[in-house]
Amino acid sequence: MSNRFHVATRKGLFTVSRTNGSWSISDPAFIGTPVPMVLHDPRDAAEYATVSHGHFGNKLHRRDADEDWREITTPAYPPKPDGVPAIIDPVRQKEIPWSLEMIWALEPDPRSDGALWCGTIPGGLFHSPDRGESWRLVEPLWNHVDRAKWMGGGYDYPGIHSICVDPRNADRVLLGVSCGGAWVTDDAGATWRQTAHGMRADYLPPEEALQPDTQDPHRIAQCPAQPDKLWAQHHNGIFKSTDSGTSWTEVEQAGPSTFGFAVAVHPDDGDTAWFVPGVKDETRVPVDGQLVVTRTTDGGQSFDVLRAGLPQQHAYDIVYRHALAVDATGQRLVMGTTTGNLFITDDAGDSWQTISHHLPPVYAVRFV
Amino acid sequence: MARLSFTANLHSHVACPDRELSARTVRELLNAYFDEAAEVRSYVLDDQGALRKHVVVFINGVAARDRTHLSDEVPDDATVCVMQALSGG
C-alpha cells in the first residue's frame, strides 16, 4: 500500500507519511496560501503544486527530487484576438473571462516524459511538453462553438476538474467540465465531442434536463484496469459508464444520498467505487450529521454504507471533489474534509482511522 | 524619474525591490520594470495584461483609473506604489 500522500488545503500543502505503523504530517509548504491541486508524477518523481494567491494570481510550482519548491511557468491564456466575441454565461448572463481564474486539474500525459495536461477555470485545457516549463492552450476545445453553452456552477465560471487519460490509448482523453458535461478527444486534443449523454440536470427546466452541454459532473473517475468503466459524481446524483464514457446511466439509490462531490474507483475493478454523500443541494452537510462513505462493489446495484471510525454525531464535513483518493491496491483510501479532518482506511472503507482533526479545509489528496 | 515600489506582502513571494524609472504611463512604467524583472509581471498583471483585480496602483497617492490599458499618466518624480486591494484576501 502507498505509505505517502499529499494533502492540498486552503492554507498550504502537507505531506503525510507512514513510519513504524503510524501516520505523521510533515513538510508544510505555502503556509497561508490556498493550494487547489497537487500532483506527484511517478515518471520522474517530480511534484507539482498549484498555488492560488488571493491578490497575486495563480502560480505553479515544481519540486524535483532533493530540491526545494521552485516556481515554474503558469499556464496563460494567449491574447484574445481582436474581433472574437465575448462568450456570455447562458444562465448568469455574465461574460466568461479570457484569462486564468484557477488551475483545477493536473495529470500526466503518458505520450512523452514530462508531458502534462492542465484543466482550468474558466474552461481552458492546457498542455505542457516539458514538465511545466511551457504551456499551450488547447485551442480546438477553447474555440469549440459549444463552449458557449457552458456555465458556472459552484464557481462563477465553468472549469475542467477531471482529466481521464485512457491507459490503452493516451490520445484518448475524457474531461469532466462543471458545468459543461463530459468531453472526449481521440486525437490528443485536435478534435473534441460532447459525451455527457444520459446525464440529467434537474436544476434546469424539464425540457432541458438531458441537454449534455449543461450537465454538472462534480468529478469523473476512470478505472485504470478496466477503462471502459467510469463513474461520475454529478450534481444530480451518481452516473456510470461502461462504454468508455460514450454514454451514462444514472444510479438512483446509493445509501443516504446520491449527492456529493468526490468519487474514487478501484484500480482493478471498475464495478467498485466510493462516494461521500451529503444533503442536496445548498445544504451540503452529511445526512443526519453522520459522515459516511458509500461503496458499491457490483456496478451500482447495491451500496454499503461505511461509517466505522467516522464521526456519527454533529458532523458537518463535506469532502470536495479532489479530496478522496484510492491507492494502487484498492484497499487504502484517504479523504480530507472541509472541516480539516483527515481519515484513512486500509480495508477499502470498512473502518477508518483519524490522522488529523485540525488541518485547514482540504481541497485535494493524492497518493505518491 | 518615477519611483516604483511594491507592497511588502509581495516581497514574500517574489523579489521586487524599489526602482527609479522613466515612463509616461503606468503601462510604460511597469513594462520598464518587468524588462529587468520578468518574474514579477504575473503577480501584478493577469495573462491579458490587465491589472489583477485585487491589485491597486497608486500614483502620488491616487488610485489609477485605467485597470485594463494602464494608460494613467505618471508625472515626473511621481511615487508609484503597487498595493494589494482590501478585496481578495
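Between them, chain B and chain A of this predicted model bury about 1,300 Å², of which 48% lies on carbon and sulfur atoms. On the chain B side, the residues that lose the most area to chain A are Tyr43(B), Asp47(B) and Gln48(B), which together account for 43% of what that side buries. Counted as residues in contact, the interface joins 18 residues of chain B to 17 residues of chain A.

The polar part of this interface comprises 11 residue pairs in polar contact, counted where both residues have pLDDT of 80 or more, and the count of salt bridges between the two chains is one. In a salt bridge, the side chains of Glu101(A) and Lys53(B) meet at 3.6 Å, N to O. Helix 1 (8–11) and helix 3 (41–44) of chain B are the elements that give two or more residues to the side touching chain A, and the residues of that side divide into four nonpolar, 10 polar and four charged.

Leaving aside residues up to four places away in sequence, Leu342(A) touches, among others, Phe5(A), Val7(A), Val16(A), Met335(A) and Val365(A).

Conventions:
Residues are numbered from 1 along each chain as its sequence is written. Chains are lettered from A and ligands numbered from 1 in the order in which they are written. This is a predicted model: local features need pLDDT of at least 70, side-chain atom pairs count only at pLDDT 80 or more; totals for chains, interfaces and linings use all residues. Side-chain values use heavy atoms; hydrogens and water are left out. Contact means heavy atoms within 4.5 Å. Buried area is the accessible area (1.4 Å probe) that two parts lose on being put together, summed over both. A salt bridge is a side-chain nitrogen of Lys or Arg within 4 Å of a carboxyl oxygen of Asp or Glu. A polar contact is a pair of N or O atoms within 3.5 Å; within protein, one must be able to donate a hydrogen and the other to accept it, and residues adjacent in sequence count only if both atoms are side-chain atoms. Helices (H or I, at least four residues) and strands (E, at least two) are DSSP runs, numbered from the N terminus. Ala, Val, Leu, Ile, Met, Phe, Trp, Tyr, Cys and Pro count as nonpolar, Asp, Glu, Lys and Arg as charged, and the others, Gly among them, as polar.
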